[in-house]
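The exercises below are meant to be worked with the sequence and the model side by side. Each one sets a task and then gives a solution that goes step by step.

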Amino acid sequence: MTLRRHTVVATTLLWTGCGGPQSALSPAGLEAERIASLFWWMTAGAGVVWLSVILLAVFAAKKRGTGDRSREGNWIIFGGAATPAVVLAVLLIFGLSMLPDLLGVAPKNTLRVHVTAEQWWWRFRYEVPGRRPFETANELRLPVGEPVEFLLHSSNVIHSFWIPSLGGKMDVMPGRVNRLVLHPTTTGTYLGTCAEFCGIGHAKMAMQAIVVPKEAFGPWVDTMQRAVKP
Amino acid sequence: MKAWQPPTGWRYWSEVNNSVVGLWYTGLVFFFLVFGGLLALLMRIQLAVPGNTFLSANLYSQVFTLHGSVMMFLFAIPIFEAVSILFLPQMMGARELPFPRLSAFGFWAFLIGGIFLCGSIFFNAAPTGGWFMYPPLTSRYEPGIGADMWLLGFSFIEVSAIAAAVELIVGILKCRPPGMRIHLIPLYAWYVLVAAAMILFAFPPLITGSMLLELERAFNWPFFDAARGGDPLLWQHLFWLFGHPEVYIAFLPSVALVAMIVPTFARTPIVGYKWIVLSAIGTAFLSFGLWVHHMFTTGLPGVTLALFSAASQAVAIPTGVQIFCFIATVYVGRLRPSVPMLYVAGGLATFVIGGLTGVMVAVASFNFQAHDTHFVVAHLHSVLIGGTIFPVIAATYYFFPLINGKLLSERLGRTAFWLLFCGFNITFLPMHFTGLRGMARRVYTYPAGIGLEGLNLTSSIGALILAAGFGVLLWDILRPKGKDPDAPRNPWQAGSLEWLQEMPGKPWGVRCIPEIDSRYPLWDQPNFVRDVDEGRFFMPDAEEEKREMLVTSIIDAKPEQCLRIPGPSFITLLSAIFLGGVFIFPTFKMYWSMAVSGVVALGCILYWLWHGSGLIPEKEEKAIGHGVTVPLYISGSSSVGWWAMMITMLADITAFVSILFGYFFYWTLHNDFPPASIAGPGLIWPIAGLLASLAAWALTMLARAWNRQEKPGSFYAGIGMAVLSAVFGIYALLAGPKQAAMNPEEHVYPAMVWLLVIWTALHIAVGIIMQLYCAARRYAGRMTARYDIDISNVTLYWHFVAITVGATVAVIAGFPLLR
């Protein structure tokens, strides 16, 4: 009951802004924060570029042509080639410099969760260092401020594991085990979904990730442990 | 000029002339655009509110799969082929394209394939795997015939697209007017040349991929089944190796339309002609190196992501150059406002948004969030509607007088524009945020309360406005125009050749073939229209009552041949019907019907070639005016037939290389390929097959020489021995995996070996039919020492067979040794 109230409160608070419990624009994890700020910077830049192109086009259309072709190279070289090249180079350096972190390897003794994508639900198998493994379905519980490494398995079709508020998505491929590391930074309940079309139940293949304070995580693991026969 | 009159009555449908076939083709493509648009409307109705039950999950899957596929395969690509068949000859002052029956065949194949695919949804049997058809969903989790229809039906349509590409390339290379040297070619033709060349290299990987997937579906060959050594990622590589260039194949010809429209209304020649040509070519090259940006979330290493991010960004530069050339042209000239320019401007504003969001999603880091969400839906529609649909509508308003001599309505055109432009932005601008707020693609519904309701409802309302815009546009095109006055000749005061046409136009196109020394002859060459009308240039009359056109050299456009082209015939329709059977019957697992249909199709095609190609003229050469005399028959590398064979075989060898790509993909990525437990085909049989096939190839070349030296005995003996060697070659190649008892269902390795040898054997078999055809032609007196185009082109085919056999044997016999 408290859980549901928690969800409802979080939902109403967030969805009025850019957010919602499933929004990449209301980040609650390190990866999502980086990508969201990249998005806003790029959007601002794109706005400037778009406006410049349109203003130049309007200027060209309004100006009474002189038939003077002596400066035609300037338009092409500066407008079409040089400016984009510089802008794109900056963007590449900025955008790709965060790749190593986004694709980072988790340190040893990180909480590991084996995600198995079924048609059409999520099976989570927890490997907490020093504890017996246990499983949950469609519900993740993660300690805030700690990295968590997901190992993604599928024995049927391709799915994609995506919790927008925490970070980017990663495909779940039969025959491969992909990895994804996330760092939740804010407690709360976040929704996730399958992002690769996986059949008739694709739209309903949802999950939730409940990010809890560190001190609440241990007791939860204990509870789950008791449910598993030794 | 009677030769060019279209037949009347029911025989009208046997016409092959470009202006008639091009019109059918364009009309049909617009029909598919409307059909695809209605499917989109159904989706927007379903998504208007959360939890809607208007469409079921299954039907929604059919609708989005068909929407994407129809728009890509039945609209975006064919619209440029259709428009080019319709207008390209006029733009180059030519009477026709060099292979009119091939155009007609392409049209009929497109019609049959398109109706087959679109019809499926009315039987609740359409494919449901999405337009990119990712296995294993489409290989092992989609029972029913939907996926088979997609794989086979679109392969058939891709064959027709390649046929049109061959036609257009040869047309642009060899059928330009005298004097139209390579730097005077209209920009439209340049772009079409680039796009058609891209088709040759982009479509074959998809045809190969479809073949692998269909073999897995029909015969359980495990190309994409991870449990038996296959890999679902191979499909994604092959698909996007096609899929990304495909976007530019749709986009470049639309820019080409803009490149024809802008100078007319700016009243000045285009600025930066060479820059535009180089940019188009640069875009084409780059577009083959970007495909992995559709696969950024598949778990590839960071280095790969960074490389493909950079390449994807780079393509923005040639695109920027082209846009700035247009802006500079408007700047230099004096812009005259008009409906076509309105659509060009709207397209620019929309396309630039799509280009910028494209740059954003090309940054791998951001792509992790945006990929497979409605953000990408918004991005791709900005690019395709801004970059393709708006220019196509601009061109519709611009070129319409060339079709029936009437102008479209300015008032309706403006009304439609504002509805389309506002409708588009209301639909797709909010969708960027819908996606980032967590709405994945291809969901038939979404939950309430997570911030998606308002955005989706807005998009759905926008879609209705967009639909209204298309309604107005269609009405303007289809409304009866009998009472409208004829448009004046050259109504926009354009400078390019197509506006020579009288209003309304004539089936033979131009009165005579002009000599060109400018990019804008109507502006620059004095008395040009009068000289053309009075027949003062080349080939003003067809004395022999035959359809004739001028063939010129590739670089300098010097007259080389007066080409007789075939007239109306139903054989193209029959060939398309029976070849269609080869693709349609296996959908229903009717393999015997498929075989019969294939044999009849082969018969039709041989009949078509026998009576329609390589005809021996009644005289050696013909005077075409101005004291110039050209031959009526040439063979070898100056002839259009040689080029058509060359270009077709480039596409064919690309499909073969795609199969090899699959082999190397498994070989590099999978440690157990080839697996130690499975024996390969060995060395003896493959090498025997190689030697026999090379002997057949050498004998074919000798037969060509003996034919030329008028040694019929040696010629027939050479052909006979070539056929025998080729038959033994087929036997030996197939014997390799057969003797080693390789079972293609067991593992991907034997499946790959079998596929390579069967592919090669089929090519040798076609080569045998060609050899026998040459012998029959000689025997029937249709091929002689002088008139030897048949054996000349067959030899060219055999060069490619030799390459194919060599590569196949090197791989299947050689690679297991490297283990």
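Predicted model: local features only at pLDDT ≥ 70, side-chain atom pairs only at ≥ 80, totals over all residues.

**Exercise 1. Backbone exceptions in chain B**

Step 1. E545(B) sits in the loop between α17 and β1 of chain B, and its phi is positive, about 60 degrees, although the residue is not a glycine.

Step 2. R267(B) is likewise not a glycine and has a positive phi, of about 55 degrees; the residue is placed in the loop between α7 (232-266) and α8 (273-287) of chain B, and at 39% relative accessibility it counts as partly exposed.

Step 3. Turning to the peptide bonds, the one from M503(B) to P504(B) is cis, with omega near -15 degrees, and P504(B) belongs to the loop between α15 and α16 of chain B. Another cis peptide bond joins F673(B) and P674(B), with omega about -5 degrees, and P674(B) is found in the loop between α20 (640-669) and α21 (684-708) of chain B.

**Exercise 2. Salt bridges within the chains**

*Solution.* Step 1. The structure holds 36 salt bridges over all chains, and in the one that R123(A) forms with E135(A) the closest N and O atoms are 3.2 Å apart. R123(A) lies in strand β2 (residues 121-127) and E135(A) in strand β3 (residues 134-137) of chain A, so the pair ties together parts that are 12 residues apart in sequence.

Step 1. R123(A), at 27% relative accessibility, is partly exposed, and E135(A), at 37%, is also partly exposed.

Step 2. In chain B, R511(B) forms a salt bridge with D541(B), the closest N and O atoms being 3.9 Å apart. This pair links distant parts of the chain, 30 residues apart, with R511(B) in the loop between α15 (453-478) and α16 (521-524) and D541(B) in the loop between α17 (528-533) and β1 (548-552). R511(B) is partly exposed at 29%, as is D541(B) at 41%.

Step 3. R536(B) pairs with D531(B) in a salt bridge at 3.5 Å between the closest N and O atoms. Here R536(B) is partly exposed, with a relative accessible area of 42%, whereas D531(B), at 16%, counts as buried.

Step 4. Salt bridges that share partners also join E544(B), E548(B), R564(B), E618(B), K619(B) and K622(B) into one network.

**Exercise 3. The contact between the chains**

How many residues does each chain give to the contact?

*Solution.* Step 1. The contact takes 83 residues from chain A and 80 residues from chain B. About 6600 Å² is buried between chain A and chain B, 71% of it on carbon and sulfur atoms.

Step 1. Between chain A and chain B there is one salt bridge, in which the side chains of D231(B) and R176(A) meet at 2.9 Å, N to O. The count of residue pairs in polar contact between these chains is 14, with both residues at pLDDT 80 or more.

Step 2. Among the elements of chain A that give two or more residues to the side touching chain B are α1 (2-15), α2 (30-62) and β9 (188-194). The largest share of that side, 17 residues, comes from α2(A).

Step 3. The residues on this side of chain A divide into 49 nonpolar, 23 polar and 11 charged.

**Exercise 4. The overall form of chain A**

How many helices and strands does chain A have?

*Solution.* Step 1. Chain A has five helices and 10 strands. Its radius of gyration is 23 Å, well over the 17 Å that the globule rule gives for 230 residues, so chain A is more spread out than a compact globule.

Step 1. Along the principal axes, the C-alpha atoms of chain A fill a box of roughly 85 × 40 × 35 Å.

Step 2. Of the 230 residues of chain A, 50% count as buried.

Definitions and conventions:
Residues numbered from 1 in each chain as written. Chains lettered and ligands numbered in written order. Heavy atoms only, no water. Contact = heavy atoms within 4.5 Å. Buried area = accessible area lost by both parts, 1.4 Å probe. Salt bridge = Lys/Arg side-chain N within 4 Å of Asp/Glu carboxyl O. Polar contact = N/O pair within 3.5 Å; in protein donor to acceptor, adjacent residues only side chain to side chain. Helix = DSSP H or I, 4+ residues; strand = E, 2+ residues; numbered from the N terminus. Nonpolar A, V, L, I, M, F, W, Y, C, P; charged D, E, K, R; others polar. Buried < 20%, exposed > 50% of the residue type's maximum accessible area, 1.4 Å probe, protein only. Rg over C-alpha atoms; globule rule 2.2 N^0.38 Å.
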